[in-house]
Every structure is written in structure tokens, then in C-alpha cells.
Amino acid sequence: MIELKSPHEIELMRAAGKIVAETHKLVKEEAKPGVSTLRLDELAEEYIRSQGAVPSFLNYSGYPATLCISFDDQVVHGIPSKNRVIKEGQLVKIDVGAKKDGYHGDAARSFYIGEMDERTERLLRVTEIALMRGIGQAVIGNFLGDISFAIQKTAEDEGYSVVRDLVGHGIGKRLHEEPQVPNYGNPRTGVKLKEGMTIAIEPMVNEGGWAVRVLDDEWTVVTADGSRSAHFEHTIAITRNGARILTKI
Ligand code: MF3
Ligand code: CO
């Protein structure tokens, strides 16, 4: 069942989303060569708690950290560690969730350490545009498949592929609610979008093929062909005035 949220609940989700956005800003500022991903995780957890919120991912299905930090061919769910250090030339993906007053916010961003080359710039740009076009389809009366298709088409028209084994999701009192939000699909198919739906849309776009596998740590998802991957995610609410992004500053 899809749980529709009242305007009041959406305000609570906005408060959680704002903390997520601010955590992203803080972590990105500190993500410099030589800094361990564990250090970034500690900063994020401390900030989230200072805002009266709790990290959404910590202990979720046994996940051991506040952030997911994934490099290069790692798609998502990289586990922070003192031995994993930020380096020049890395494509870094950071995913953050925070729960405040009973409601979650969830967002991910990708960025490059150092001066970006044209190839990396294009991957990041296209993935973020795919997210924004997906969000643009998140209006009352459209279908879930309209979001999925917009994302897939944006990525594939540029020669990239979208990961199929991982999906976006409904979000609210729980981090993962119905419906699943795939990053590929057909227009005018799937659930009809209604006022009060809150979803996390999160395209994962690969330079190579779409296949992925999970490392022996049982969390880190990597591309099967070793190609690089980018990830952008926002939590949004479907309102009478269109999609409202809850995880921006
Ligand atoms: N944004 C990701 C998701 O919604 C992060 C989840 S990591 C986990 O699935 F540890 F919480 F699973
Ligand atoms: Co998510």
C-alpha cells in the first residue's frame, strides 16, 4: 500500500530533507584528498544528531554507518572506513539519510576530486539531468513509468546505461516504502501518481553496461564491467503545484 502524506507530514519530511541537504554540503566541503571516509561518516553522524535527527542508514538491515561513500566503479553502498581515503581523480558518490520527528529524508550526490575532465563532467551532468527530468514527470495524473522512462531515455540517449537491480522507493515513516521506482520503464505504465506521494528518485548511471554485482563485504555494489557509475537522488513530494524537492538547501 502506498501511504499518502498530508501537507503537515510533508513539512516534517522537508525538515528531515533539509538536514540531509545540509549534511551533503558539510561532507562535500570536507571531502579532500587524504581524508578517510570514516572521518566523513563521523562528521555526518555528529551533524545529523546535532539537529535532533538520527541517521537513517545506520543499522538498517545491519548497515554499519551513517553514509554510503562509493568510488568510481562502486555504484552504491560503499562502507566508510579509516582505510579508505579520498584521493585526487576519484569520482565520489555520497548517499545520506536522516530521520527527524518520525520521517525520513534521503539523497545522494556525485562529485569529482580534482579538476574534472570532459568525460567525467558529461557523466555527472547527464545523471543529474536524468534525475531532474524524472522529477519533472512526478506530477499528479502521470504514471510511475513516466518517471522511469524519462530517466532511462536521458541516460541511454547519451550512450550510458541505467542500473536495473537497484531502484528508487517510496519514503516516509520508513526509509523504504512502496512503490518501487525503477530507473527504466515505459511511459503511461505502473502506478498512477497522486497528491501526497513521497518518493526517492535515484538514477544510477553507468559508463558501460547496466549489470552490477555485490562485493564480499555484502554491501558494496560495483559495476560488473568495471566501468564508472554516477548516482544522484532526491526525496520529493507530489503536490498540487508539481513535484517539490525536499532534499535541497
Ligand atoms: N539511498 C539508499 C537507499 O535508499 C541508501 C540505503 S543504504 C542502507 O536504498 F544501508 F540503508 F541500505
Ligand atoms: Co534511497
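**A walk through the chain**

The protein chain folds into four helices and 15 strands, where helices (H or I, at least four residues) and strands (E, at least two) are DSSP runs numbered from the N terminus. Keep in mind that this is a predicted model: local features need pLDDT of at least 70, side-chain atom pairs count only at pLDDT 80 or more, and totals for chains, interfaces and linings use all residues. Residues are numbered from 1 along each chain as its sequence is written, chains are lettered from A and ligands numbered from 1 in the order in which they are written, and side-chain values use heavy atoms, with hydrogens and water left out.

Let's start with the overall shape. Along its principal axes, the C-alpha trace spans about 45 × 45 × 30 Å. Of the 249 residues, 54% are buried, meaning under 20% relative accessible area, with exposed being over 50% and partly exposed in between (1.4 Å probe, protein chains only). As for contacts (heavy atoms within 4.5 Å), take those between residues at least 6 apart in sequence: 69% of them join residues at least 24 apart.

Now zoom in on Val-191. You'll find Val-191 in the loop between strand E8 (177–181) and strand E9 (198–201). Setting aside neighbours within four places in sequence, Val-191 touches Ile-2, Asn-142, Phe-143, Leu-144 and Met-197. Ile-236 sits 45 residues away from Val-191 along the chain, and their C-alpha atoms are separated by 16 Å.
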